[in-house]
Amino acid sequence: MIEARHLRVLRAVAGTGSFSAAARELGCTQPAVSQQMKALEQSAGTPLLIRTGREMRLTQAGEALVRHAAGILAGLTAAEEEVAAIAGLRAGRVRLVSFPSGSSTLVPTALAAMRAAHPGTRISLVEAEPPRSVEMLREGDCDLALAFRYGGDGGGAQAAAAEWEDLVVTPLLTDRLVGLVPEGHRLAGAGRVGMAELAEEPWIAGCPRCRRHLVEVCEGVGFTPRIDFATDDYPAVVGLVGAGLGVAVLPELAVESVRAKGVSTLAVEPAVEREVVALTLPDLARVPAVAATLGELVRAATR
């Protein structure tokens, strides 16, 4: 295999006409130049120089290699500069996927901080709910995923931990769910409500994972909710509740991200919480741009 350092020596010898002059140009010893030229000829499998007294002359193979060396070394230099820029956060990209309420609350603050600190780093954003967002990460369609899970998802704490065991998991915050009822509802001024008190109400449910967890919580206190409407769109949930079409529970992040017009929010008992995290792959966690974005997400979650 031909090495870049040997090509640099060959170009110096071809340009100066001698090992000693090439050594002076490269800042090394003449024996070192001689050894590297021997190694290059061994790799090439043919002589590259003809030595006639004190002069050096390129063979046809040597001329061909010098001609290609310029492009090869220029390409390597460009590659080294690009990698250095990425490592130094002067360039690079991060593909981020987030669930909607994370996109409208945590993500804007984090990305604004990234742009201010590292304007050369490009960050793209698409939305997806878990588990799809986690699948995208494992399939190589993103570098960083904001996701959430409810306590006991998938059959208990052990199964919940196993869900992301191959990923780097960075906890961001614990997001409490709050109840939503129409402003004119009998419980609108109560401040807090037991889930069992809503047993006879029509329900508006959210994303599939949230919907499944709602059913589990309600069944845990003795009833199965009658879900009249289901939508992944949080403003639509708020709008349906505000129109008097039912009640709902939503994460505080989701309520924070929409204008809760015509609804009253209540603390619910038993308390329902979800863990919001940032996920990435172990190798990606070492990429400077990904690590910096992750750090900004952590800071955004603590504000």
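Helix H1 passes helix H2 in a right-handed crossing, a crossing being right-handed if the near helix is turned clockwise from the far one by less than a right angle, and left-handed if anticlockwise. The model is predicted: local features need pLDDT of at least 70, side-chain atom pairs count only at pLDDT 80 or more, and totals for chains, interfaces and linings use all residues. Residues are numbered from 1 along each chain as its sequence is written, and side-chain values use heavy atoms, without hydrogens and water.

The contact (heavy atoms within 4.5 Å) is made by Arg8, Val9, Ala12, Val13 and Thr16 of H1 together with Phe19, Ala21, Ala22, Glu25 and Leu26 of H2. By class, seven of these residues are nonpolar, one is polar and two are charged. The axes of H1 (residues 4-16) and H2 (residues 19-26) come within 8 Å and cross at roughly 120°; the two helices are therefore oblique to each other.

The structure also holds two aromatic pairs, in which ring centres lie within 6.5 Å; planes over 60 degrees apart count as edge-to-face, under 30 as stacked and the rest as tilted.

| Pair | Centre to centre | Angle between planes | Geometry |
|---|---|---|---|
| Phe99 and Phe148 | 5.1 Å | 85° | edge-to-face |
| Phe148 and Tyr150 | 5.9 Å | 80° | edge-to-face |

Ring pairs link Phe99, Phe148 and Tyr150 into a cluster. Phe99 and Phe148 are both buried (under 20% relative accessible area), and Tyr150 is buried too.

Methods. Axes fitted to C-alpha atoms, helices over the stretch in contact; angles between N-to-C directions. Helix = DSSP H or I, 4+ residues; strand = E, 2+ residues; numbered from the N terminus. Parallel < 35°, antiparallel > 145°, perpendicular 65-115°, else oblique. Nonpolar A, V, L, I, M, F, W, Y, C, P; charged D, E, K, R; others polar. Phe/Tyr/Trp six-rings, centres within 6.5 Å; stacked < 30°, edge-to-face > 60°. Buried < 20%, exposed > 50% of the residue type's maximum accessible area, 1.4 Å probe, protein only.
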